[in-house]
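Student: Could you take me through how to read a structure of this kind, feature by feature, giving the general idea before the particular case?

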Amino acid sequence: MVQGLAGLEGSFSVDEWRKVTGYLAGLPEHTSSGAVGRMQMWALVNPPADPSGVQLFGRLQHLLRARGSEPSPGGPEGRPAGKRETTRQRALKRTLEKSSEEEARAHMRSRYTTEGTKRTYSSNTVVYREWCEGKGVPPYPTTVRRLETFAGYLLLMDGYKAPSGMISAIVSENARAGWVLDDPAGDVGRILKGLKRESPDPESGEPLGLAQFRVIFGRVRTVGAYRAALQLLGEHFTLLRTSSMQSVRTDQVHVSEGKVKVEWGVSKARGRCSRHLTFERVELVPPLCLPEAPDGVPREVRYCPVAVFTQLKGMAGDKALLCPYVTYPSFREALGGAGKPGILSCLNESRPAGRSRAAFVTHSARIGGCCTLLKAGMDPMQVKKMGDWSADSMVTYYGDKVLRDPDCVEAVRFYNPVSLAHMYTARVRAG
């Protein structure tokens with residue numbers, strides 16, 4: 001510390017030096033810049049009686065930084081004076097020494113897409129790989145000419161719903177295999193545009209809104225169907241995928257008076273990240289009625305995140321998972337499909353002409369929550385963060401759906417971060 005301060009005597013008066021040494025006396029021995037930084041933070045929390053004290057710290061830190069830019073004697077070249085090698089820097093050096101460049105690139109390529117997307121791409125490109133093997137050429141590395149030919153076959157087929165998705169999957173698999181596609185003229189972009197031109201819109205699920213949930217809960221006849229309907233409503237409020245909703249633990253739901261906080265792991269982050277949302281009670285929305293509810297099931301359910309997650313947590317009891325009785329097969333069975341009755345069957349009885357897939361599926365709850373908030377006027381960027389979408393395209397797509405069909409959902413602001421921020425600010429001021 002003394003070496004760091006050497007040569008600065010003329011920069012301060014005697015009284016100022018007494019202030020500096022007085023504040024530094026209680027600090028542990030450390031590098032000069034670190035000590036002054038800690039001292040400056042301490043001064044912001046415990047400001048000195050003399051307002052000039054904070055300015056004094058700023059001047060001292062500026063002078064020390066100017067002197068600290070010189071290399072320390074005997075230290076590594078280019079390292080600032082007083083700086084030591086950190087634990088992470090040492091760990092990075094060891095990794096650079098023991099791992100090859102090819103291993104590092106392969107590990108990076110594995111993060112380009114999620115595991116679920118990899119499985120989808122792998123299954124979508126099976127026919128392409130078999131076609132290449134029949135021609136006696138390896139599927140990867142692919143070429144622009146081969147992609148153009150295969151895209152032409154997709155158009156001649158005149159029945160493939162998303163041909164551009166197939167080409168995108170092939171390009172992604174090519175990159176994941178470690179090959180760089182030689183396309184200086186941007187021909188792949190033209191191929192994708194040609195496939196999308198005059199192609200029908202992809203068959204995405206229709207949104208589940210308040211009106212649809214009234215029908216769903218009206219169809220509940222068993223306890224299993226009731227649990228599945230509550231899970232769908234939970235996915236609707238949190239914009240969660242079914243896999244993420246079924247991994248929520250009971251201790252991740254915190255219910256308090258008028259609010260509920262829900263935590264979950266991010267499925268696309270390999271469980272290393274977590275998110276949480278805090279919901280307020282939703283008022284003035286008529287409850288969802290269950291006219292033929294079985295024994296032990298209430299006759300009505302409020303369209304409110306606080307009520308729904310309180311009910312789910314109460315039904316889970318001492319179980320670890322919030323939805324312990326609803327496995328994915330039983331969930332699909334309760335929803336209905338493939339000609340089997342279920343709580344979604346009545347919504348899928350009439351399909352638009354030319355549609356091959358069911359309109360309402362498990363993902364419809366997530367879509368419906370997004371569309372409901374967008375119609376209620378919530379900021380699209382907030383909806384994007386809430387739904388954990390990495391690109392703006394999905395929120396834009398669902399916004400277009402609401403714009404083209406305003407009656408697809410009702411406008412209910414079941415999540416209001418602005419109101420929650422005001423509540424927090426008022427609580428801080430009151431404290």
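Predicted model: local features only at pLDDT ≥ 70, side-chain atom pairs only at ≥ 80, totals over all residues.

Student: How many helices and strands does the protein have?

Tutor: Helices (H or I, at least four residues) and strands (E, at least two) are DSSP runs, numbered from the N terminus. By that reading the secondary structure comes to 20 helices and 5 strands.

Student: What percentage of the contacts joins residues at least 24 apart?

Tutor: Contact means heavy atoms within 4.5 Å. Among contacts between residues at least 6 apart in sequence, 63% join residues at least 24 apart.

Student: Why does the span of helix 10 agree with its number of residues?

Tutor: The expected span of a helix is 1.5 Å times one less than its number of residues. Helix 10 (residues 163-176) has 14 residues and should therefore span 20 Å, which agrees with the 20 Å between its end C-alpha atoms.

Student: Which residues of helix 10 are buried?

Tutor: An α-helix has 3.6 residues a turn, so residues three or four places apart point the same way. In helix 10 the buried residues include Pro 163, Met 166, Ile 167, Ala 169, Ile 170 and Glu 173. Just after helix 10, Gly 178 takes a positive phi of about 95 degrees.

Student: At what angle do helix 8 and helix 9 pack, and which residues meet there?

Tutor: Two packed helices are described by the angle between their axes and the distance between the axes. Axes are lines fitted to C-alpha atoms, for helices over the stretch in contact, and angles run from 0 to 180 degrees between N-to-C directions. Helix 8 (residues 126-135) and helix 9 (residues 144-157) pack at about 115 degrees, with their axes 12 Å apart. Tyr 128, Trp 131 and Cys 132 in helix 8 meet Arg 146, Thr 149, Phe 150 and Tyr 153 in helix 9. The residues of this contact divide into 5 nonpolar, 1 polar and 1 charged, where Ala, Val, Leu, Ile, Met, Phe, Trp, Tyr, Cys and Pro count as nonpolar, Asp, Glu, Lys and Arg as charged, and the others, Gly among them, as polar.

Student: Where is Pro 141 placed, and what kind of peptide bond joins Tyr 140 and Pro 141?

Tutor: Pro 141 is in the loop between helix 8 and helix 9, and the bond joining Tyr 140 and Pro 141 is cis, with omega about 5 degrees.

Student: Is Leu 239 buried or exposed, and what is its phi?

Tutor: Leu 239 sits in the loop between helix 13 (223-238) and helix 14 (242-245), and its phi is near 60 degrees, a positive value in a residue other than glycine. Leu 239 counts as buried because its relative accessibility is 1%.

Student: Where is Leu 322, and which residues does Leu 322 touch?

Tutor: Leu 322 belongs to the loop between helix 15 (305-316) and helix 16 (328-335), and its relative accessible area of 1% makes it buried. Not counting residues up to four places away in sequence, Leu 322 touches residues including Met 245, Val 248, Arg 249, Phe 309 and Leu 312. Leu 322 and Gln 246 are 76 residues apart in sequence and 7.3 Å apart in space, C-alpha to C-alpha.

Student: Which residues is Gly 368 in contact with?

Tutor: Gly 368 has its place in helix 17 (residues 364-375) and is buried, with a relative accessible area of 0%. Leaving aside neighbours within four places in sequence, Gly 368 is in contact with Pro 207, Leu 208, His 236 and Val 409.

Conventions:
Residues numbered from 1 in each chain as written. Heavy atoms only, no water. Buried < 20%, exposed > 50% of the residue type's maximum accessible area, 1.4 Å probe, protein only.
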